[in-house]
Amino acid sequence: MSDNRVVQGRMQTPESLAELIEGDGVMDAEPIEDADDDCPECGENVISVGYMPSALEFVTGYKCQECDWSDTDRD
Ligand SMILES: [Zn+2]
């Protein structure tokens with residue numbers, strides 16, 4: 001797959017990026033995209049990935065490519 005991205009110096013697939021954001025395993029993940037926002041912590045590029053932590057839930061996760069910051073669209 002060509003949509004792997006380097007995050008904090010490590011190559012991440014959509015699945016591994018989603019697991020990094022979730023802190024747990026995920027069932028499925030969509031291709032990584034560029035988010036329109038800069039990181040609130042360091043100002044670097046933020047990428048997003050849609051994923052399913054379980055069969056009943058779809059979450060969009062956000063992760064800075066340069067620091068530990070991450071977020072999801074959960075309330
Ligand atoms: Zn950052």
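Two strands are said to pair if DSSP finds at least two bridges between them. Helices (H or I, at least four residues) and strands (E, at least two) are themselves DSSP runs, numbered from the N terminus. The structure described here is a predicted model, in which local features need pLDDT of at least 70 and side-chain atom pairs count only at pLDDT 80 or more, while totals for chains, interfaces and linings use all residues. Residues are numbered from 1 along each chain as its sequence is written.

The protein contains 1 helix and 7 strands, and from the N terminus its elements follow the order β-β-α-β-β-β-β-β. Its radius of gyration, taken over C-alpha atoms, is 11 Å, close to the 11 Å that the globule rule (2.2 Å times the number of residues to the power 0.38) gives for 75 residues, so the protein is as compact as a globular protein of that length. Along the principal axes, the C-alpha atoms fill a box of roughly 35 × 30 × 20 Å.

With β4 (residues 33-38) it pairs in the antiparallel sense over 3 bridges, and Asp38 has Asn45 of β5 as its bridge partner. These two strands form a hairpin with 6 residues between them, and Gly43 in the turn has a positive phi of about 80 degrees. Strand β3 (residues 28-29) pairs with β5 in the antiparallel sense over 2 bridges, and Tyr51 in β5 is the bridge partner of Ala29.

A residue is buried if 20 or more other C-beta atoms, placed from the backbone, lie within 10 Å of its own, exposed if 12 or fewer, and partly exposed in between. Of the 75 residues of the protein, 24% count as buried.

Gln8 lies in the loop between β1 (5-7) and β2 (10-12). Gln8 is exposed, with 12 other C-beta atoms within 10 Å, and has a positive phi of about 50 degrees although it is not a glycine.
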